[in-house]
Amino acid sequence: MVHSDGTKSPKPLAVLATEQLCRSLVYANGPLPANLPPDVIYAILDCLHCHRALNAKTLSMFCNNELPDLQLDECRGVTDEWLQQLIHGSYE
């Protein structure tokens with residue numbers, strides 16, 4: 001974060017943890033835990049969207065959670081498979 005006086009401060013621990021989680025999702029062996037709080041889901045989805053890492057694999061990680069809002073703009077290769085992962089509650 002850059003302050004108005006030009007100095008920088010490190011990213012908050014929550015942001016660093018979310019970014020690391022997002023980088024690790026492609027290597028996960030199963031979905032995220034069920035019933036994650038909405039603010040955690042938003043943080044993960046925002047991070048994935050910001051880094052253009054939201055895809056069918058990472059989206060399938062949320063099959064045990066309710067997604068209150070999902071932005072698919074600027075996501076590459078959006079297909080029906082993306083939403084089928086969520087509708088059927090399955091994880092591949």
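Helices here are DSSP runs of H or I with at least four residues, and strands are runs of E with at least two, both numbered from the N terminus. With that settled, the model. It is predicted: local features need pLDDT of at least 70, side-chain atom pairs count only at pLDDT 80 or more, and totals for chains, interfaces and linings use all residues. Residues are numbered from 1 along each chain as its sequence is written, and side-chain values use heavy atoms, with hydrogens and water left out.

The protein chain has four helices and zero strands, so the order from the N terminus is α-α-α-α. On confidence, pLDDT is the predictor's confidence in each residue, from 0 to 100. Its mean over the protein chain is 82, and 88% of the residues reach 70 or more. Helix H1 has the highest confidence, at a mean of 93, and helix H4, residues 80–87, the lowest, at 71. Where pLDDT is low, the predicted coordinates should not be read in detail.

Now helix H2, residues 38–50. The expected span of a helix is 1.5 Å times one less than its number of residues. For the 13 residues of H2 that gives 18 Å, and the end C-alpha atoms are 18 Å apart, which agrees.

Which residues of H2 are buried? Buried means under 20% relative accessible area, exposed over 50%, and partly exposed in between, with a 1.4 Å probe and protein chains only. In H2 the buried residues are Ile41, Ile44, Leu45, Cys47, Leu48 and His49. Their cover includes helix H1 (13–24) and helix H3 (56–60). Ile44 touches Thr18, Leu21, Cys22, Leu25, Leu32 and Phe62, not counting residues up to four places away in sequence; a contact is heavy atoms within 4.5 Å.

Last, the backbone. Most residues other than glycine have a negative phi. Just after H2, Arg52 takes a positive phi of about 50°, in the loop between H2 and H3. Asn35, in the loop between H1 and H2, has a positive phi of about 60°. Asn35 counts as exposed because its relative accessibility is 70%.
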